[in-house]
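Student: I would like to learn to read a model feature by feature. Please take me through one.

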Amino acid sequence: MNTLTLRDGTDTGAVRAWLRAEGLSVAALSVLLYWHLGSSWWVFVGLLLTPDLAMLPYLLNPRIGSVSYNVVHSYLLPLGLATVTITAHRLGMLPILLIWTAHIGLDRFLGYGLKYSTAFRDTHLGALRNPPERLAAGARQ
């Protein structure tokens, strides 16, 4: 299918590849800026997967899980907070925000897009082929 978007809203083909490349670019820039700040790589590694805790509400139901996941996996919050942090000249939170954007970019590069409320596997980048079993089982309820 050569259309840009399927009827269910998922991106396909070149658009999907472009969005994934965009995610890789954000992750790379976030890592570069983190390195430039001279922050601890132990902190980076330790916190990189923290945003994935937003998947836990999928254990309740897919609607709540998708909202939680999408709020945490959108660039809106970390970039908004980074803007406030930089404007206020309070750069202490910037390393954490860069870890957050690196996580989101890496997720997008790997195909973990924003979630639809139908199931964890249903994302704006297409359906995930092998979602985590426990989350997928909770999303089917």
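Student: What should I know before reading any values?

Tutor: This is a predicted model, so local features need pLDDT of at least 70 and side-chain atom pairs count only at pLDDT 80 or more, while totals for chains, interfaces and linings use all residues. Residues are numbered from 1 along each chain as its sequence is written, and side-chain values use heavy atoms, with hydrogens and water left out.

Student: How many helices and strands does the protein have?

Tutor: Elements are DSSP runs, numbered from the N terminus: helices are H or I with at least four residues, strands are E with at least two. Here there are 6 helices and 2 strands. Their order from the N terminus is α-α-α-α-α-β-β-α.

Student: What percentage of the residues count as buried?

Tutor: Buried means under 20% relative accessible area, exposed means over 50%, and partly exposed lies in between (1.4 Å probe, protein chains only). The areas come from the Shrake-Rupley method with a 1.4 Å probe; for residues, only the protein chains shown count as cover. Of the 141 residues, 38% count as buried.

Student: Is Ala27 buried or exposed?

Tutor: Ala27 is in helix α1. Ala27 counts as buried because its relative accessibility is 9%. Now look across the sequence. Ala27 and Thr101 are 74 residues apart along the chain, yet their C-alpha atoms are 6.6 Å apart.

Student: Where is Ala119 found?

Tutor: In the loop between α5 and β1 (122–123). Ala119 has a relative accessible area of 4%, so it is buried. Its C-alpha atom is 8.1 Å from that of Arg63, 56 residues away along the chain.

Student: Where does Arg129 lie?

Tutor: Arg129 sits in the loop between β2 (126–127) and α6 (133–139). Arg129 counts as exposed because its relative accessibility is 77%. Gly111 is 18 residues away from Arg129 in sequence and 9.8 Å away in space, C-alpha to C-alpha.

Student: What is the volume of the largest pocket?

Tutor: First, the term. On a 1 Å grid over the protein atoms alone, a pocket is an open set of points where a 1.4 Å probe fits, with protein on both sides within 12 Å along at least five of seven lines; lining residues have an atom within 4 Å of a point. Points are joined across faces, edges and corners, and the volume is the space filled by probe spheres set on them. The largest pocket comes to about 210 Å³.

Student: Which residues lie nearest its centre?

Tutor: Ser30, Leu33, Leu79, Leu98 and Thr101, out of 13 lining residues. Helices α1 (13–37), α4 (76–87) and α5 (94–110) each supply at least two residues of the lining. Class comes next. Ala, Val, Leu, Ile, Met, Phe, Trp, Tyr, Cys and Pro count as nonpolar, Asp, Glu, Lys and Arg as charged, and the others, Gly among them, as polar. The lining has 11 nonpolar, 2 polar and no charged residues.

Student: Which residues form the nonpolar patch on the surface?

Tutor: Patch residues have over 30% relative accessible area and no salt bridge; nonpolar side chains (Val, Leu, Ile, Met, Phe, Trp, Tyr) are joined within 5 Å, like charges within 9 Å. Here they are Leu29, Val31, Leu32, Leu33, Trp35 and Trp41, with about 580 Å² of accessible area together. Helix α1 gives the most, with 5 residues. Trp35 is in α1, and Trp35 counts as exposed because its relative accessibility is 55%.

Student: How many salt bridges does the count come to?

Tutor: Side chains of opposite charge can pair when their charged atoms come close. The rule asks for a side-chain nitrogen of Lys or Arg within 4 Å of a carboxyl oxygen of Asp or Glu. The count is 1. Asp122 pairs with Arg121, the closest N and O atoms being 3.9 Å apart.

Student: What is the phi of His89?

Tutor: Most residues other than glycine have a negative phi. His89 has a positive value, near 55°. His89 lies in the loop between α4 and α5. With a relative accessible area of 70%, His89 is exposed.
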